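Trainee: Could you please take me closely through a single part of this model, and say how it sits within the whole?

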Amino acid sequence: MANQLQPVRGTKDLIGEDAARHFHVIETARRVTRLYGFCEWQTPIFEDTRVFSRTLGETSDVVTKEMYSFEDRGGESLTLRPEGTAGVCRALITGGLTQTLPQKVFYAGPMFRYERPQKGRYRQFHQIGVELLGPASPLADAEAISAGWRILNELGIAKDVVLNINTLGDAQSRANYRDALVAYFSAHADELSADSKLRLEKNPLRILDSKDEGDKALVANAPLIYAHLTQDAAAFYDGLKAALTAFGVPFEENPRIVRGLDYYNHTAFEFVTNALGAQGTVMAGGRYDGLVEQMGGPNVPGIGWGAGIERLAMLIAAPPAMVQPVAVIPMSREAEGRALEILNLLRNRGIAAETGYSGNAKKRLERANKSGAGFAVLVGGEIRLKNLADGAQEDVTPETLIERLGA
Ligand code: ATP
Ligand code: MG
């Protein structure tokens with residue numbers, strides 16, 4: 001089968017246990033974010049390329065190397081979304097919601113990046129995420145982070161994960177810090193990677209996020225932002241730490257967290273694990289107060305995070321077993337119509353039920369046993385309920401059947 005069609009490199013099918021894990025992550029996140037008052041949005045999977053190129057930063061890895069951009073038949077440059085925040089902010093503006101704040105948004109869906117595929121790194125991957133648009137208070141940051149922490153707890157993986165937080169300060173703090181970084185890295189310019197030489201001119205903060213080993217050695221001794229924070233920025237950071245403590249979210253301060261995208265200020269954070277090798281970041285985000293304005297909207301502050309579903313799905317224990325539908329089995333040809341009525345009745349009452357499509361009663365019962373169903377309903381002259389776990393049987397009326405199956 002040399003010419004059998006293959007999935008595209010870096011993509012994979014979600015089938016069987018992979019699918020069960022994946023959707024368990026999404027369902028858990030949906031339930032938890034509702035506890036905080038988030039509403040689910042879905043924005044298009046492709047956008048005008050400028051939605052991303054203007055916002056993520058011209059020196060970010062995503063924009064320079066990873067975007068799936070193409071021209072459509074009308075000659076427009078479109079891009080498969082590499083992340084969720086820019087699309088949600090675009091939608092906030094398009095939907096006329098910038099005066100109806102706060103907006104607390106949850107999303108789940110596919111993202112696309114042209115990267116070298118490896119464990120925990122794909123070209124089509126999926127994220128859950130939240131965006132909290134409107135409030136400029138560190139309480140909003142703490143709420144978003146707390147929701148993320150609660151999701152990790154409910155997934156049973158909080159024990160494997162550490163929250164690293166940092167501040168990137170406000171505009172003034174960053175300008176101060178930028179000067180300090182330029183002075184430091186300029187003195188070591190010869191030792192910088194080619195990418196980071198460019199970053200030194202365009203966005204020196206980006207060097208702190210470099211994956212190049214030589215750069216990393218220089219970064220280890222680079223000045224920290226804390227000495228350069230304005231009073232306001234320091235107070236914001238203190239407010240975040242106090243609120244996280246009140247919410248019972250444990251954290252570590254890590255001055256090296258700067259995040260890969262350009263639009264962050266104040267809070268930056270990552271939940272990291274040692275359990276996935278190099279792909280250790282499972283959930284990451286920060287504050288992006290200038291983003292909506294940069295996209296042509298009014299000044300709307302925001303905070304959010306995105307988390308890779310594949311990485312979360314690899315960390316969770318086996319997902320809860322699916323309850324198999326009750327098997328409805330006609331005992332003879334003549335009983336088939338009656339069996340369909342019973343099948344319909346069960347579904348009407350919200351009880352999951354299915355029936356085989358062929359074979360005699362014995363065959364169908366064998367299949368029901370194999371499927372892991374808890375009960376079979378044998379429909380002949382009588383209706384008989386059989387507990388497939390212990391073999392116990394009893395004759396029932398339609399009403400007692402519903403009662404026994406617990407609707
Ligand atoms: P990394 O440092 O691993 O490249 P990143 O900084 O590019 O991550 P973000 O843009 O912050 O990641 O995306 C948030 C989360 O999305 C990551 O923490 C990770 O869990 C997930 N993620 C990012 N890129 C991929 C990918 N190519 N495949 C699978 N998951 C990914
Ligand atoms: Mg990346």
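Mentor: A residue is called buried under 20% relative accessible area, exposed over 50%, and partly exposed in between (1.4 Å probe, protein chains only). By that definition, 50% of the 407 residues in the protein chain are buried. The model is predicted: local features need pLDDT of at least 70 and side-chain atom pairs pLDDT 80 or more, while totals for chains, interfaces and linings use all residues. Residues are numbered from 1 along each chain as written, chains are lettered from A and ligands numbered from 1 in written order, and side-chain values use heavy atoms without hydrogens or water.

The chain holds 14 helices and 16 strands (DSSP runs of H or I, at least four residues, and of E, at least two, numbered from the N terminus). The part to examine is helix H5, residues 138-154. Its 17 residues reach 24 Å from first C-alpha to last, close to the expected 24 Å (1.5 Å times one less than the number of residues). After H5 comes Gly 156, with a positive phi near 75°.

H5 is mostly covered, with 12 of its 17 residues buried; among them are Ala 144, Ile 145, Trp 149, Ile 151 and Leu 152. H5 is also one of the elements against which the buried residues of H1 pack, together with strand S5 (103-112), strand S6 (124-133) and helix H11 (309-315) (contact means heavy atoms within 4.5 Å). Those buried residues of H1 include Val 25, Ile 26, Ala 29 and Val 32. Just after H1, Gly 37 has a positive phi of about 85°.
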